[in-house]
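Q: I have a model open and want to learn to read it. Where do we begin?
A: With the surface, then the fold, then the charged side chains.

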Amino acid sequence: MNSAPLDRLSQPARDLLKLNVTDAYTKLVVTGSGNHEAYPQLKQLTADNVLSQKPTNPDEAAALLSGLWLWHDCLDESHKLSQQLHTTSGSMWHAIMHRREGDFSNSKYWYARCENHPSLPTLAAQANDVINPFPADKRVLKLTVRGWDSDAFVDLVEAVYDSPDDPRHKLAIALQQLEWRVLFDHCMRAAI
């Protein structure tokens, strides 16, 4: 999250991003109920207190909350939030949540609802830096040939989520983390 300063977040939100940082957001498909250590702190956050100042766009602030729940693998809570947001950011978090639960076709449905999200050009540009060190592969090349292709990413995750020895598995995790950071950064900027 280098582009937007974290001081835009409230101290409790910043503390949550530091919690369990080595294991956070490293599963492509999540089983279980998420990070129990983060849960009580997450429950205390609202769209009004997730930022260091009052948000001017409450929907984007709520989208930040959805992202924080996802960061700690709490899919149900993230889903409840994103489902209530009728914005492209809400649809994007919704799509990510369904991908991470392994509901790949539903994920693609929600990605189609946010195919013009303003964070996608940034994601496409930064994804190439992540992809370049990995061996060439048709599924990987499809990710950025015409900008960020969310459906191609869902297909990649579906192909490798249960194959940790596949080199594309490590790539998918890195891209998933990049996607989260770029979308979170966008929501943080748009909320204020």
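**Reading the model**

A: The chain exposes about 9,200 Å², and carbon and sulfur atoms supply 48% of that area. Accessible areas come from the Shrake-Rupley method with a 1.4 Å probe; for residues, only the protein chains shown count as cover. This is a predicted model: local features need pLDDT of at least 70, side-chain atom pairs count only at pLDDT 80 or more, and totals for chains, interfaces and linings use all residues. Residues are numbered from 1 along each chain as its sequence is written, and side-chain values use heavy atoms, with hydrogens and water left out.

Q: How many helices and strands does the chain have?
A: Helices (H or I, at least four residues) and strands (E, at least two) are DSSP runs, numbered from the N terminus. Here there are 10 helices and 0 strands.

Q: What does the radius of gyration say about the chain?
A: The radius is taken over C-alpha atoms, and the globule rule is 2.2 Å times the number of residues to the power 0.38. The chain comes to 16 Å, close to the 16 Å that the rule gives for 192 residues, so it is as compact as a globular protein of that length. Its C-alpha trace spans about 45 × 30 × 30 Å along the principal axes.

Q: What share of the residues is buried?
A: Buried means under 20% relative accessible area, exposed over 50%, partly exposed in between (1.4 Å probe, protein chains only). Of the 192 residues, 50% count as buried.

Q: How many salt bridges does the structure hold?
A: A salt bridge is a side-chain nitrogen of Lys or Arg within 4 Å of a carboxyl oxygen of Asp or Glu. The structure holds 8. One of them joins Glu179 and Arg99, with the closest N and O atoms 2.9 Å apart. Glu179 lies in helix H10 (residues 167-191) and Arg99 in helix H5 (residues 88-101), so the pair ties together parts 80 residues apart in sequence.

Q: Are Glu179 and Arg99 buried or exposed?
A: Glu179 is buried, at 1% relative accessibility. Arg99 is buried too, at 0%.

Q: Which parts of the chain does the pair Asp73 and Lys27 link?
A: Their side chains meet in a salt bridge (4.0 Å, N to O). Asp73 sits in the loop between helix H3 (58-71) and helix H4 (75-84), and Lys27 in the loop between helix H1 (11-18) and helix H2 (39-44), 46 residues apart. Asp73 is buried at 7% relative accessibility, whereas Lys27 is partly exposed at 39%.
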